[in-house]
Amino acid sequence: MTLILAHRGYAAEYPENTMLAFKEAEKAGADGLELDVQMTRDGELVVIHDEKVDRTTDGTGLVKDYSLEDLRKLDARFKFKELPKKEQIPTLDEVLEWLSGTGMICNIELKNSIIPYVGMEEKVINKVRHYNLTDRIIISSFNHYSIVHSYLLAPEIEIAPLLSEGLYMPWIYAQSIKAKGFHPHWRAAPDQIVSASLESGIEVRPYTVNKESELERLFKVNCSAVITDDPAKAKRIREMQSAR
Ligand code: G3P
Ligand code: CA
């Protein structure tokens, strides 16, 4: 069965990368989450997509220039202003602690391609181990040096390279860096690539699959997982398809 991973939580209906979006994704029946990690000035791991807080909060400036204390004062509701209460930028600890009480898996994306956060891999691994989540976490990044570094530090935690463009025989590349899967942009995941990868024992989890026709296609080809903003819609389509 194709798993449904909620991209930045249930980002289609709730403020992305907030506890609210993660909890609502679970309620919607997602099998797992995808989230993004950046690092504060005082070395704390926080869950936010952009290097800057400007787009998703009421603050301005780079995450790396904020202390955790000041970052936590920001309101991350951004375009969902009608929500009754303020949403904070979560710490990775907060998410993992909550996740450990659920049955979900989680794809942690290290956002270290633009700012090379020193020590980010070690810190993430320590937290994943602390919450006994090594078998439910997949560490991904567009920075492939970083995921290889993660694998060398913690071979028990799965890694997956993010691929924004189509690669020639991506399953061979994944095997070469000891990844059990890869996460391509959905346009870089045609049926032949998905099937050939699965036949080689390499999982494929395309992002960000929101179009109904693409969800249907990827369920049909029995893709390992889809990373989507709308887990409820994906679940509906998956159920309809399996009832046929
Ligand atoms: O992990 C898949 C996807 O989230 C990568 O792109 O920009 O949405 O973090 P982005
Ligand atoms: Ca991401």
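Colleague: What volume does the largest pocket have?

Modeller: About 160 Å³. A pocket is an open set of points on a 1 Å grid over the protein atoms alone, with protein on both sides within 12 Å along at least five of seven lines. Points are joined across faces, edges and corners, and the volume is the space filled by probe spheres set on them.

Colleague: Before we go on, what are the ground rules?

Modeller: This is a predicted model: local features need pLDDT of at least 70, side-chain atom pairs need pLDDT 80 or more, and totals for chains, interfaces and linings use all residues. Residues are numbered from 1 along each chain as written, chains are lettered from A and ligands numbered from 1 in the order written, and side-chain values use heavy atoms, without hydrogens or water.

Colleague: Which residues line the largest pocket?

Modeller: M19, L20, K23, L83, P84, K85, K86, E87 and Q88. By class that lining has four nonpolar, one polar and four charged residues. Here Ala, Val, Leu, Ile, Met, Phe, Trp, Tyr, Cys and Pro count as nonpolar, Asp, Glu, Lys and Arg as charged, and the others, Gly among them, as polar.

Colleague: How many cavities of 30 Å³ or more?

Modeller: One. A cavity is a set of grid points where a 1.4 Å probe fits but cannot get out. The largest cavity holds about 50 Å³ of space. Its lining includes E16, H49 and P90.

Colleague: Switching to ligand 1. Which residues surround it?

Modeller: H7, R8, E34, D36, H49, E109, K111, F142, L162 and Y207. Each has a heavy atom within 4 Å of the ligand. The shell divides into three nonpolar, two polar and five charged residues.

Colleague: What does H7 do there, in distance terms?

Modeller: A polar side-chain atom of H7 lies 2.7 Å from an oxygen atom of ligand 1. For H49 the distance to a ligand oxygen is 2.8 Å. For K111 it is 2.8 Å.

Colleague: How much of ligand 1 does the protein bury?

Modeller: 89% of the 290 Å² that ligand 1 exposes when taken alone. Areas come from the Shrake-Rupley method with a 1.4 Å probe.

Colleague: Which residues does the UniProt domain annotation cover?

Modeller: Residues 2–238, as "domain: GP-PDE", from an unreviewed UniProt entry. Such annotations may be inferred rather than shown by experiment.

Technical notes: A polar contact is a pair of N or O atoms within 3.5 Å; within protein, one must be able to donate a hydrogen and the other to accept it, and residues adjacent in sequence count only if both atoms are side-chain atoms. On a 1 Å grid over the protein atoms alone, a cavity is a set of points where a 1.4 Å probe fits but cannot get out, and a pocket is an open set with protein on both sides within 12 Å along at least five of seven lines; lining residues have an atom within 4 Å of a point.
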